[in-house]
2 protein chains.
Amino acid sequence: MNEGVEWAMHSCVNLSWLPGEAVTAKRLAAFYNLPTAYLNKQLQALTRAGILTSVSGPKGGFQLARDPHKITLLDIVVAIDGPDDAFRCTQILKQGPGADPKADYTKVCVVSQAMRTAELTYRRTLADQTIADIAERVVSTSPDAPASTRNRFANLKS
Amino acid sequence: MNEGVEWAMHSCVNLSWLPGEAVTAKRLAAFYNLPTAYLNKQLQALTRAGILTSVSGPKGGFQLARDPHKITLLDIVVAIDGPDDAFRCTQILKQGPGADPKADYTKVCVVSQAMRTAELTYRRTLADQTIADIAERVVSTSPDAPASTRNRFANLKS
DNA sequence: GGGATTCAGGACATTTAGTATCCAGGTTAT
DNA sequence: ATAACCTGGATACTAAATGTCCTGAATCCC
């Protein structure tokens, strides 16, 4: 899995604590010492996916496109890592005995079905958790996290 | 995910229909037109993981090391793809504000926890399905699969 | 309008992982 | 002894992930 998923999740949590404020890619990168240009690519992907909105120019930057309760972890994984399953069925059975050339073995093959079932439970678990859930859980153990995050961004005026 | 996982699963199902018989890597590869040397590497990994047993020399080959009811899909995924989770926590929080240098953020970080929860459901689903389950499900829709598989292997005497 | 700031996205370069082949060495059946 | 077969290391090739750079367009401020 793409490392950008981790960056994106933490950045979205941070943005949930800066509602209505546009944060530049440079400052989001500086927060965790990430490569600016590369993080920018991930932010662009999140924007294309409708998770963030972006504004160009001075005073520009990124912010969450909607309520953090409405942004699931699956949304972010799909935006960064793409929609494909980890297990890719190459329809190996088409080379086997008694193969039906016009059958779609990604659906017929029992192995493929079993792997897809597992990935579905994975995706369902991710879809059940939102950025707001994560943020709340952070606050429950570190109540000062939102304030210290805002404070660090304020001091990142570079 | 490694393509060898697909090869390994189908090969194990086939081997479950050839109990007690040693099948060479060459014939297992020929069954699906796979590259012999590379499939051999996957079979070696399965052997190291205790899923297969191997015998050298003429009349040698591979067979299942235990009852197919005792071989889960997770066993195979771990043997081929390794034990690591897809999401790899790089402890990004250590670069953030108020970071504890001696904390293990792979355990403390809420994002990391959420991702691991999802992967756990994934692995649990894979661990709940065995090669025997797969084989039975194949038989229920294609009752002649075991016989035609044995027949194809018999004609692969190359 | 002009300059500065920032996002958008294409074009690279680099690194790493996956895919694949080959060979030398050890094992075993005949 | 010989041939068949597994084991594992070395190596090459390919694709994907990672990272940088640069041009262009949007936007703010003077």
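Around DNA strand C lie 24 residues, of which A:Ser54, B:Glu3, B:Pro35, B:Ser56 and B:Gly57 come nearest. A residue counts as near a strand if its C-beta atom, placed from the backbone, lies within 6 Å of it. The model is predicted; local features need pLDDT of at least 70, side-chain atom pairs count only at pLDDT 80 or more, and totals for chains, interfaces and linings use all residues. Residues are numbered from 1 along each chain as its sequence is written, while chains are lettered from A and ligands numbered from 1 in the order in which they are written.

Three elements each supply at least two residues of the surface near DNA strand C: helix H3 (36–48) and strand S2 (61–64) of chain A, and H3 of chain B. Helices (H or I, at least four residues) and strands (E, at least two) are DSSP runs, numbered from the N terminus. H3(A) gives the most, with 4 residues. By class, this surface has 9 nonpolar, 12 polar and 3 charged residues. Ala, Val, Leu, Ile, Met, Phe, Trp, Tyr, Cys and Pro count as nonpolar, Asp, Glu, Lys and Arg as charged, and the others, Gly among them, as polar.

The two protein chains also meet. In chain B, 38 residues are in contact with 37 residues of chain A; contact requires C-beta atoms, placed from the backbone, within 7 Å. H1, H2 (25–32), H6 (110–127), H7 (131–141) and H8 (145–154) of chain B each supply at least two residues of the side that touches chain A. H6(B) gives the most to that side, with 10 residues. Its classes are 20 nonpolar, 12 polar and 6 charged residues.

Within chain B, H1 (residues 4–16) and H3 (residues 36–48) pack at an angle of about 70°, with their axes 10 Å apart. Axes are lines fitted to C-alpha atoms, for helices over the stretch in contact, and angles run from 0 to 180 degrees between N-to-C directions. H1(B) is therefore roughly perpendicular to H3(B), a term covering 65 to 115 degrees. B:Gly4, B:Trp7 and B:Ala8 in H1(B) meet B:Leu39, B:Gln42 and B:Leu46 in H3(B). This contact has 4 nonpolar, 2 polar and no charged residues.

The buried residues of H4 (residues 73–81) of chain B are B:Leu73, B:Asp75, B:Ile76, B:Val77, B:Ala79 and B:Ile80. A buried residue has 20 or more other C-beta atoms, placed from the backbone, within 10 Å of its own. Their cover includes H6 (110–127) of chain A together with H1, H3 and H6 of chain B. Just after H4(B), B:Gly82 takes a positive phi of about 90°.

Methods. Parallel < 35°, antiparallel > 145°, perpendicular 65-115°, else oblique. Contact = placed C-beta atoms within 7 Å. Buried ≥ 20, exposed ≤ 12 C-beta atoms within 10 Å, placed from the backbone.
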